[in-house]
Amino acid sequence: MRRKLAAGNWKMNGTRAALLELQAVISAHADPSVNILICPPATLLREAAILAEGSAISIGGQDCHAEVSGAHTGDISAAMLADAGASHVILGHSERRENHEESSDLVRAKARAAHAANLIAVICMGESLAEREAANTLDIIAGQLASSIPDATNAGNTVIAYEPIWAIGTGLTPTVEQIDEVHDFIRQSLIARFGPEIGDGIPLLYGGSVKPGNAAEIFATDNVDGALVGGASLKQSDFSPIINALE
Ligand code: PEP
């Protein structure tokens with residue numbers, strides 16, 4: 001049975017005052033039946049991890065470098081995230097793929113680094129609007145799955161997030177049929193590549209304009225094991241109803 005996960009991606013939002021929102025999530029979900037993850041900006045990671053220690057909330061990074069250390073100004077390694085108290089790291093988010101020209105091969109190298117540091121890699125993938133309109137969604141996902149997911153992936157070290165680029169931060173969401181089609185395709189692809197035990201065990205998140213008002217409908221879809229939430233994870237008053245809809 002896959003455990004469900006509500007993951008919040010704060011992106012480049014939040015100064016130390018935002019830790020009050022994390023504290024509110026910790027207080028509101030003392031004994032949740034689902035996993036809860038918050039990925040704050042790197043500047044808040046250590047303080048967030050200290051705040052969340054002993055609570056039900058996990059803390060994650062939003063990216064890592066593929067190497068352990070070295071001359072990479074401005075970058076953070078997976079080992080550094082783990083040392084700061086992270087248990088997860090988001091990789092291959094479309095904003096990284098677009099703004100930093102990250103290829104699926106690089107995402108796979110980062111995922112290997114995350115696994116080597118004992119971090120759970122939350123690997124994102126999704127199609128653009130043009131790709132969906134050209135009926136290429138499943139081909140794009142097949143390519144991203146093949147190239148972004150390392151061979152050593154298992155149900156304990158990886159979560160996959162399907163995030164259609166056109167739904168991120170736009171207020172647009174796919175229909176539940178569209179989400180169902182892609183999640184089923186990812187599930188069958190994972191089973192074909194890794195076998196039924198691993199392929200069936202890897203949690204699949206949906207991401208893209210998840211809000212309190214649409215969460216329950218999305219979570220009722222087959223093979224949706226939770227959500228990666230951007231904007232609605234910034235305030236506990238928005239994030240808690242999404243967590244509650246998953247429980
Ligand atoms: C995201 O950034 O992963 C995301 C899904 O953002 P939003 O929920 O704001 O669309």
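1. Helix α1 and helix α11 (residues 236-246) pack at an angle of about 35°, and their axes are 9 Å apart. Axes here are lines fitted to C-alpha atoms, for helices over the stretch in contact, with angles running from 0 to 180 degrees between N-to-C directions. Helices (H or I, at least four residues) are DSSP runs, numbered from the N terminus. The crossing of α1 past α11 is right-handed, a term used if the near helix is turned clockwise from the far one by less than a right angle.

2. On the α1 side this contact is made by Glu21, Ala24, Val25 and Ala28, and on the α11 side by Gln236, Phe239 and Ser240. Two residues are in contact if their C-beta atoms, placed from the backbone, lie within 7 Å. By class, 4 residues are nonpolar, 2 polar and 1 charged. Nonpolar covers Ala, Val, Leu, Ile, Met, Phe, Trp, Tyr, Cys and Pro, charged covers Asp, Glu, Lys and Arg, and the others, Gly among them, count as polar.

3. On provenance, this is a predicted model in which local features need pLDDT of at least 70 and side-chain atom pairs count only at pLDDT 80 or more, while totals for chains, interfaces and linings use all residues. Residues are numbered from 1 along each chain as its sequence is written.

4. Helix α1 (residues 19-28) also meets helix α2 (residues 42-52): their axes come within 10 Å and cross at roughly 25°. The two helices are therefore roughly parallel to each other, the term for angles under 35 degrees. The crossing of α1 and α2 is right-handed.

5. Which residues form the contact of α1 with α2? Leu19, Leu22, Gln23 and Ile26 in α1 meet Leu44, Glu47, Ala48, Leu51 and Ala52 in α2. These divide into 7 nonpolar, 1 polar and 1 charged.

6. The protein is divided into domain 1 (11-30 + 42-57) and domain 2 (59-210), with bounds from an automatic or database domain assignment. Their C-alpha centres lie 23 Å apart. Domain 1 gives 7 residues to the contact and domain 2 gives 6. On the side of domain 1 that touches domain 2, 6 residues are nonpolar, none is polar and 1 is charged.

7. Ala84 lies in helix α3 (residues 78-84). Ala84 is partly exposed, with 17 other C-beta atoms within 10 Å; 20 or more would count as buried, 12 or fewer as exposed, and partly exposed lies in between. Leaving aside neighbours within four places in sequence, Ala84 is in contact with Leu45, Arg46 and Ala49. Gly60 is 24 residues from Ala84 in sequence and 9.6 Å away in space, C-alpha to C-alpha.

Conventions:
Angles under 35 degrees count as roughly parallel, over 145 as roughly antiparallel, 65 to 115 as roughly perpendicular and the rest as oblique.
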